[in-house]
Amino acid sequence: MGVLPVPAEVRAILLDIEGTTTPIAFVQETLFPYIKDNVKEYLRAHWEEEECQRDVGLLRKQAQEDSSLDGAVPIPLESGSGEEELERVIQAVVDNVHWQMSMDRKTTALKQLQGHMWRAAYATGLVKGEIFKDVVPAIRKWREAGMKVYIYSSGSIEAQKLLFGYSTEGDILELFDGHFDTKIGPKVESESYRRIAASIGCATNNILFLTDIPRARTRCSPKLNLAHGGKQLCS
């Protein structure tokens, strides 16, 4: 397994998470199953809370936008007519979440609910973010060399901070200078990277994006490299 050098002109490192800092298996076999297995219980326990109602409101709005898609699950409004109706609404939310996850959707509404559920799981120790062993040493080397390090992932910023704050390497949030999610734009659109560059005050050709997604690598700059795709993180 080779080690790629960081080009001399790089001033900032942009890191993906899944398949880059963290095993894909952790996301697919730990984080996502936790949501599927616990979403109904979570909704029942937190339904009356303002945060949960905001999450449901976003999911309902997304469901309306998805109404023309095959298999989309609508979420009815709650009229307050009793427990039976409440259960129907909760089940609709559960079915909608399961449908979105089966389609590998990256909607803000879904990511927000997932982030809040994972927050509870991390805080109680039910989940701990898994980090590749070469990640922390590589980041420390970059920072010692004067480079800044950012995260750009389809997972919400809150979910990102939870993963790195409650990780197998301890709380490593201090290693990152900032976080970006799909609110800045999709990873497969070049405009997203121009927005990130403007946000951090850096030219796009001075940013190195490490990801395992080929389509994303072609959208940022010619100097993009794989991480954990046959090579170690750059050092």
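Student: Which helix does Gln114 lie in?
Tutor: Gln114 belongs to helix H4. Helices (H or I, at least four residues) and strands (E, at least two) are DSSP runs, numbered from the N terminus. Please note that this is a predicted model, in which local features need pLDDT of at least 70 and side-chain atom pairs count only at pLDDT 80 or more, while totals for chains, interfaces and linings use all residues. Residues are numbered from 1 along each chain as its sequence is written, and side-chain values use heavy atoms, with hydrogens and water left out.

Student: Is Gln114 buried or exposed?
Tutor: Gln114 has a relative accessible area of 2%, so it is buried. Buried means under 20% relative accessible area, exposed means over 50%, and partly exposed lies in between (1.4 Å probe, protein chains only).

Student: What is Gln114 in contact with, leaving aside its neighbours within four places in sequence?
Tutor: With those neighbours set aside, Gln114 is in contact with Phe32, Ile35 and Met101. Contact means heavy atoms within 4.5 Å.

Student: Phe32 again, then. How are the rings of Phe32 and Trp118 arranged?
Tutor: By the rule for aromatic pairs, the count comes to seven. Rings of Phe, Tyr and Trp (its six-membered ring) pair if their centres lie within 6.5 Å; planes under 30 degrees apart count as stacked, over 60 as edge-to-face and the rest as tilted. The rings of Phe32 and Trp118 have centres 6.3 Å apart and planes at 20 degrees, so this pair is stacked.

Student: Why does that pair tie together separate parts?
Tutor: Phe32 lies in helix H1 and Trp118 in helix H4, so the pair ties together parts that are 86 residues apart in sequence. Phe32 and Trp118 are both buried.

Student: What about Tyr193 and Phe209?
Tutor: Tyr193 and Phe209 form a tilted aromatic pair, with 5.4 Å from centre to centre and 50 degrees between the planes. This pair also links distant parts of the chain, for Tyr193 is in helix H7 (residues 190–200) and Phe209 is in strand E5, 16 residues apart. Tyr193 is buried, as is Phe209. Together with Tyr152, Tyr193 and Phe209 form one aromatic cluster.

Student: Let us move to strand E5. Which of its residues are buried on each side?
Tutor: Ile207, Phe209 and Thr211 are buried on one side, and Leu208 and Leu210 are buried on the other, which leaves both faces of E5 covered. In a regular strand the side chains alternate between the two faces of the sheet.

Student: How accessible is Ile207?
Tutor: Ile207, found in strand E5 (residues 207–211), counts as buried at 4% relative accessibility. The C-alpha atoms of Ile207 and Met147 are separated by 9.7 Å, although these residues are 60 residues apart along the chain.

Student: What pairs with E5?
Tutor: E2 and E5 run parallel and are joined by four bridges. Two strands pair if DSSP finds at least two bridges between them. Ala12 stands opposite Ile207 in E5.

Student: And how many bridges join E2 to E3?
Tutor: Strand E2 (residues 12–15) is joined to E3 by four bridges, and these strands run parallel. In E3, Lys148 is the bridge partner of Ala12. E3 also pairs with E4 in the parallel sense, over three bridges, with Tyr152 opposite Phe180 in E4. Four of the five residues of E3 are buried, so it is largely enclosed by the rest of the structure.

Student: What do E3, H6 and E4 make?
Tutor: E3, H6 and E4 make a right-handed β-α-β unit. A crossover is right-handed if, with the strands pointing away from the viewer, the path from the first strand over the helix to the second runs clockwise. The buried residues of helix H6 (residues 157–165) are Ala159, Gln160, Leu162, Leu163, Phe164 and Gly165. What covers them includes helix H1 (24–46), helix H4 (108–123), strand E3 (148–152) and strand E4 (178–180).

Student: Which residues touch the most other members in the largest nonpolar core?
Tutor: Of its 53 residues, Ile13, Leu15, Leu43, Trp47, Val97, Trp118 and Trp142 touch the most other members. H1 gives the most to this core, with nine residues. A second, separate core of 13 residues includes Tyr150, Tyr193, Ile196 and Ile200. A nonpolar core is a set of buried Ala, Val, Leu, Ile, Met, Phe, Trp, Tyr and Cys residues joined through side-chain atoms within 4.5 Å.

Student: Last topic: how many disulfides are there?
Tutor: The count comes to zero disulfides, where a disulfide is a pair of cysteine sulfur atoms within 2.5 Å. Cys52 is buried at a relative accessible area of 1%, and Cys202 is buried at 15%.
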